[in-house]
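Colleague: I have not looked at this one before, could you walk me through it?
Modeller: Gladly, let me bring it up first.

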Amino acid sequence: RPAERYGALALHLRERHGMPSIVTWGPSEHALAGDVTAASGGTAQLAPAATIADLVELARAAALFVAGDTGPMQLAAAVGTPVVGVFGPTNPLRNGSWRAGDTWVSRFDECECHHKRRCRRATPCIDTITVEQVIAAADRRLGTGGPRG
């Protein structure tokens with residue numbers, strides 16, 4: 001479940017790097033964002049409702065931005081925030097950050113539903129990305145792990 005995965009990531013970032021997490025959310029995601037904060041063991045806070053300008057400022061102030069293939073991830077990359085992207089059916093070489101040092105975890109090469117909104121598989125390819133893989137990517141981006149991708 002995504003909430004538990006992002007909660008585990010927030011816990012790791014606090015324990016290993018001393019970094020608090022803020023969980024942003026868009027329309028219809030408030031409950032999911034609340035589930036992430038609950039799953040974080042108190043290490044993540046729920047962001048208030050935010051405008052695009054608010055997201056830009058939050059991203060600008062962040063030490064790291066971890067997100068799926070979303071507009072907020074692109075905003076974070078545009079303002080120079082270190083980014084870890086999580087990609088299922090979309091190509092990180094096309095939709096990911098263009099900045100050197102930014103990284104991602106991707107299932108694009110294994111995916112059968114490139115650039116589609118709905119997966120054809122019983123288990124969507126993005127759901128096969130593990131917490132450990134995202135944690136490793138975050139550690140790499142923060143300079144405590146191995147190479148990109």
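Colleague: How many bridges join strand S3 to S4, and do they run parallel or antiparallel?
Modeller: Bear in mind that this is a predicted model. Strand S3, residues 65-68, is joined to S4 by four bridges, and the two strands run parallel. Within that pairing, alanine 67 stands opposite glycine 85 of S4.

Colleague: And what does S4 pair with through S5?
Modeller: S4 also pairs with strand S5, residues 103-106, over four bridges and in the parallel sense. Glycine 85 takes part here too, with tryptophan 104 as its bridge partner in S5.

Colleague: What is the strand order in the sheet, then?
Modeller: The order is S3-S4-S5, in an open sheet of three strands with parallel pairing. S3 and S5 are the edge strands, since each of them pairs on one side only. On average, neighbouring strands of this sheet are turned by 15° against each other, with direction ignored. Helix H6, residues 131-141, packs on the sheet and touches S3, S4 and S5, and its direction makes about 165° with that of S5.

Colleague: Is S4 mostly covered, or exposed?
Modeller: S4, which spans residues 83-87, is mostly covered, with five of its five residues buried. Val83, Gly85 and Phe87 point one way from the strand, while Val84 and Val86 point the other way, and all of them are buried. In a regular strand, side chains alternate between the two faces of the sheet.

Colleague: Which unit do S3, H4 and S4 make?
Modeller: Together S3, helix H4 (residues 71-78) and S4 make a right-handed β-α-β unit. Just after H4, glycine 80 takes a positive phi of about 90°, and proline 82 lies in the loop between H4 and S4.

Colleague: Which residues does proline 82 contact, leaving aside its neighbours within four places in sequence?
Modeller: With those neighbours left aside, proline 82 is in contact with Ala62, Ala63, Leu64, Phe65, Arg99, Asp102 and Arg141. As for aspartate 109, it is 27 residues from proline 82 in sequence, and the two are 24 Å apart in space, C-alpha to C-alpha.

Colleague: Back to H4, which of its residues are buried?
Modeller: In H4, the residues Met73, Ala76 and Ala77 are buried. They cover an arc of only 100° around the axis, and therefore sit on the same side of H4. The buried residues of H4 pack against helix H3 (52-61), S3, S4 and helix H5 (92-95).

Colleague: And in H3, what is buried?
Modeller: The buried residues there are Leu55, Val56 and Ala59. Viewed down the axis of H3, its buried residues fall within an arc of 105°, so they line one face of the helix. An α-helix has 3.6 residues a turn, so residues three or four places apart point the same way. Ala53 and Ala61, on the other side of H3, are exposed, whereas the buried residues of H3 pack against S3 and H4.

Colleague: Changing topic, which residues touch the most other members in the largest nonpolar core?
Modeller: That core has 14 residues, of which Leu9, Leu13, Leu64, Val66, Val84, Val134 and Ala138 touch the most other members. H1, S4 and H6 each supply at least two residues of this core, and the largest share, five residues, comes from H6. Another core lies apart from it and has nine residues, among them Ala59, Phe65, Met73 and Val83.

Colleague: What is leucine 13 in contact with, leaving aside its neighbours within four places in sequence?
Modeller: With those neighbours left aside, leucine 13 is in contact with Gly18, Met19, Ser21, Leu64, Ala138 and Leu142.

Colleague: One last thing, is histidine 12 buried or exposed?
Modeller: Histidine 12, whose place is in helix H1 (residues 2-17), has a relative accessible area of 16%, so it counts as buried, the cut-off being under 20%. Not counting residues up to four places away in sequence, histidine 12 touches His17, Ile135 and Asp139.

How values were computed. Residues are numbered from 1 along each chain as its sequence is written. This is a predicted model: local features need pLDDT of at least 70, side-chain atom pairs count only at pLDDT 80 or more; totals for chains, interfaces and linings use all residues. Side-chain values use heavy atoms; hydrogens and water are left out. Buried means under 20% relative accessible area, exposed over 50%, partly exposed in between (1.4 Å probe, protein chains only). Two strands pair if DSSP finds at least two bridges between them. A crossover is right-handed if, with the strands pointing away from the viewer, the path from the first strand over the helix to the second runs clockwise. The arc is that of the directions from the helix axis to the C-beta atoms. Contact means heavy atoms within 4.5 Å. Axes are lines fitted to C-alpha atoms, for helices over the stretch in contact, and angles run from 0 to 180 degrees between N-to-C directions. A nonpolar core is a set of buried Ala, Val, Leu, Ile, Met, Phe, Trp, Tyr and Cys residues joined through side-chain atoms within 4.5 Å.
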